[in-house]
Amino acid sequence: VVSLVVSGADNAHMLAQLRKLSELKQKKGVALGRIVIIGGGDNLSQTAVYAPPNMNASVLEDPAALRKALRVSSTEFGELCSALDVETAPQVDADAILSHFDISFSPAWIVRYQGRDYVFEGSTDISRNFTNDGRFIR
């Protein structure tokens with residue numbers, strides 16, 4: 001299971017990581033975990049969480065306000081969320097996530113494998129850590 005923690009302060013960066021995640025799912029069949037977008041627009045404390053429907057996700061109170069805070073068009077962002085088959089989920093404490101996984105750089109890819117979390121930060125090509133049939137390579 002692969003989760004993504006990404007800064008929402010730079011839309012191009014954020015969307016590029018979401019595209020990489022989408023390719024990982026579509027080309028290699030990797031199961032997705034949560035997508036945590038931290039910051040965006042002028043509100044660096046804004047946090048959004050997206051998750052597959054089977055992770056008991058629930059709708060945020062105001063997704064339009066979130067899109068505005070992240071400065072992403074609803075069409076562009078919606079298409080990626082649709083391709084990833086995720087929906088909005090309950091918000092989380094960004095500092096807690098960053099601290100728990102000792103994350104300093106965006107993006108951070110968190111791979112849950114055999115009960116252990118593996119964290120890859122920065123410009124890592126996460127797809128290299130998976131075989132063509134989606135098995136994780138440590």
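Reader: Which element of the chain has the lowest mean pLDDT?
Author: Happy to start there, and do keep in mind that this is a predicted model. Among the elements, the highest mean pLDDT, 95, belongs to strand S6 (residues 116-121). At the other end, with a mean of 47, is helix H2 (residues 63-70).

Reader: How many contacts beyond four places in sequence does the model have for residues 65-70?
Author: Please take these with care: where pLDDT is low, the predicted coordinates should not be read in detail. Over residues 65-70, pLDDT stays under 50. For that stretch, the number of such contacts in the model is 16.

Reader: Which strands each supply at least two residues of the lining of the largest pocket?
Author: That pocket has a volume of about 220 Å³. Its lining comprises 14 residues, and the closest to the centre are Ser-3, Arg-34, Ile-97, Phe-101 and Ile-110. The strands you ask for are S1 (2-7), S2 (32-38) and S5 (108-113).

Reader: Is Ser-3 buried or exposed?
Author: Ser-3 sits in strand S1. Its relative accessible area is 17%. Because the cut-off for that class is under 20%, Ser-3 counts as buried.

Reader: Which residue has its backbone nitrogen 3.0 Å from a polar atom of the side chain of Ser-3?
Author: Leaving aside neighbours within four places in sequence, Ser-3 is in contact with Gly-33, Arg-34, Ala-108, Trp-109 and Ile-110. The backbone nitrogen at 3.0 Å from that side-chain atom belongs to Arg-34.

Conventions: Residues are numbered from 1 along each chain as its sequence is written. This is a predicted model: local features need pLDDT of at least 70, side-chain atom pairs count only at pLDDT 80 or more; totals for chains, interfaces and linings use all residues. Side-chain values use heavy atoms; hydrogens and water are left out. On a 1 Å grid over the protein atoms alone, a cavity is a set of points where a 1.4 Å probe fits but cannot get out, and a pocket is an open set with protein on both sides within 12 Å along at least five of seven lines; lining residues have an atom within 4 Å of a point. Grid points are joined across faces, edges and corners, and a volume is the space filled by probe spheres set on the points. Helices (H or I, at least four residues) and strands (E, at least two) are DSSP runs, numbered from the N terminus. Buried means under 20% relative accessible area, exposed over 50%, partly exposed in between (1.4 Å probe, protein chains only). A polar contact is a pair of N or O atoms within 3.5 Å; within protein, one must be able to donate a hydrogen and the other to accept it, and residues adjacent in sequence count only if both atoms are side-chain atoms. Contact means heavy atoms within 4.5 Å. pLDDT is the predictor's confidence in each residue, from 0 to 100.
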